[in-house]
Amino acid sequence: MKISTHLVSAPLHTPFVTALRTATHAESLLVSISDGPDSGWGEAPQVWKVTGESLAGAQACVEGPIAAALNGLEPDDLTEALRRVQGAVVGNFGAKAAVDVALHDLAARRRGQTLHGFLGSTVSSVRTDVTLSAGDPDALAAAGRDRIADGFDVLKVKVGTGDAAADFERVRRIREAVGPAPRLRLDANQGWSRREAVTAIRAMEDAGCAIELVEQPVVAADLEGMAWVTDRVSTPILADESVYGVRDLVAVIRHGAADLVNVKLAKCGGLAPARTLLELAREHGLGSIVGSMMESHVGVGAAAALVAAYPTTTVNDLDAAWWLKESPVVGGIRYESSTIHLPTAAGLGVTGLNS
């Protein structure tokens, strides 16, 4: 198998603003693994403020220890290949995810199956929410109305900007603007203290803002603080940055720190570990969603294939590629409002780079 890497920088149609960063481009490393006639694709995004992994580091990891670990393996030996990827290096989950997905994609292509079909799915589409970037109340209210007009009915709002009262006002204005029907979910990106979180969430509950869930209200390592919040509010709490792998999820479960978990390929290391996390969450009564970083149609396509085969308990967070002006690859998933249409071509349906 031949491994190739490709650095891409895809401009967004609108800046993406969170409590942690402002993004104008999706910076990613695309990985292709070829057996000659077929190629599988994967993606490692650069998200300094979340994973701390860089494109340069991911590229060095893929071309160095991971490529060495796969040397000599036959393309059909997927189980052994995935085992070697996970054991090739400590951390580097984005690089591992890119190669894991590319190996799955190649295996599906060699069998003439779509990736979602290869994973066991019989559905051809999944739903996603859409994120409203952090901003002032007027801008967010207008953005909420625009996204509803675009056909989305689950809106994710970035909060945790350092002023809980201002966060409350933003959410109140959005709910007022979009009406009672759309679902609103909040993502604080670790931006609140435990007391700020409880104050803000209770204020929204008392005001009838009808919040579906609140994602990562406190810093990732503060599981006691997140459990403290979970115990004191009615709104479900979703763990994101607190959970990368199985040990993290077990810790969340033991602390009673959250009601749901957000599984992302670039956090856990690929489709194989993601399936384990989703199954573990289900066995212990936790809800789940699958999300993504700021990724292209490759990474989001893999996450959507996972969701199609391993259904989650609520609408997923897979709008990342919707923000791109154009895809850096040819083929793959297609957005139609809140629906992601999975490809009918083999694997991820990606045929190459978009020149």
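This is a predicted model: local features need pLDDT of at least 70, side-chain atom pairs count only at pLDDT 80 or more; totals for chains, interfaces and linings use all residues.

Colleague: Cavities, then. How many of 30 Å³ or more does a search of the whole structure find?

Modeller: The search turns up 2 cavities of that size.

Colleague: How much space lies in the largest cavity?

Modeller: About 240 Å³. Its lining is made up of 21 residues.

Colleague: Which of them are closest to the centre?

Modeller: Phe16, Arg21, Lys158, Lys264 and Ser292.

Colleague: And what's the lining like by class?

Modeller: There are 9 charged residues, 8 nonpolar and 4 polar.

Colleague: Where does UniProt place the feature "active site"?

Modeller: At Lys158 and Lys264, in an unreviewed entry. Both of these lysines are in the lining of the largest cavity.

Colleague: Take Lys158. Which strand is that in?

Modeller: Lys158 belongs to β6, which covers residues 154–158.

Colleague: Is Lys158 buried or exposed?

Modeller: Buried. Its relative accessible area is 5%, and the cut-off for buried is under 20%.

Colleague: What does the Lys158 side chain make a polar contact with?

Modeller: The side chain of Asp187. The distance is 2.7 Å.

Colleague: Now the other lysine. Where is Lys264 found?

Modeller: In strand β10, residues 260–264. Lys264 has 7% relative accessibility, so it counts as buried.

Colleague: What does Lys264 touch, leaving out residues up to four places away in sequence?

Modeller: Four residues: Asp240, Gly291, Ser292 and Met293.

Colleague: Change of topic. Where does Ser121 lie?

Modeller: In a loop. That loop runs between helix α4 (115–118) and strand β4 (125–127).

Colleague: Why does Ser121 count as buried, loop and all?

Modeller: Because its relative accessibility is 11%, and anything under 20% is classed as buried.

Colleague: What does the Ser121 side chain reach?

Modeller: The backbone nitrogen of Val123, at 3.1 Å.

Colleague: Which residues is Ser121 in contact with, once neighbours within four places in sequence are left aside?

Modeller: His116, Ala308 and Ala309.

How values were computed:
Residues are numbered from 1 along each chain as its sequence is written. Side-chain values use heavy atoms; hydrogens and water are left out. Helices (H or I, at least four residues) and strands (E, at least two) are DSSP runs, numbered from the N terminus. Buried means under 20% relative accessible area, exposed over 50%, partly exposed in between (1.4 Å probe, protein chains only). A polar contact is a pair of N or O atoms within 3.5 Å; within protein, one must be able to donate a hydrogen and the other to accept it, and residues adjacent in sequence count only if both atoms are side-chain atoms. Contact means heavy atoms within 4.5 Å. UniProt positions are given in the numbering used here, feature names are shortened, and annotations may be inferred rather than shown by experiment. On a 1 Å grid over the protein atoms alone, a cavity is a set of points where a 1.4 Å probe fits but cannot get out, and a pocket is an open set with protein on both sides within 12 Å along at least five of seven lines; lining residues have an atom within 4 Å of a point. Grid points are joined across faces, edges and corners, and a volume is the space filled by probe spheres set on the points. Ala, Val, Leu, Ile, Met, Phe, Trp, Tyr, Cys and Pro count as nonpolar, Asp, Glu, Lys and Arg as charged, and the others, Gly among them, as polar.
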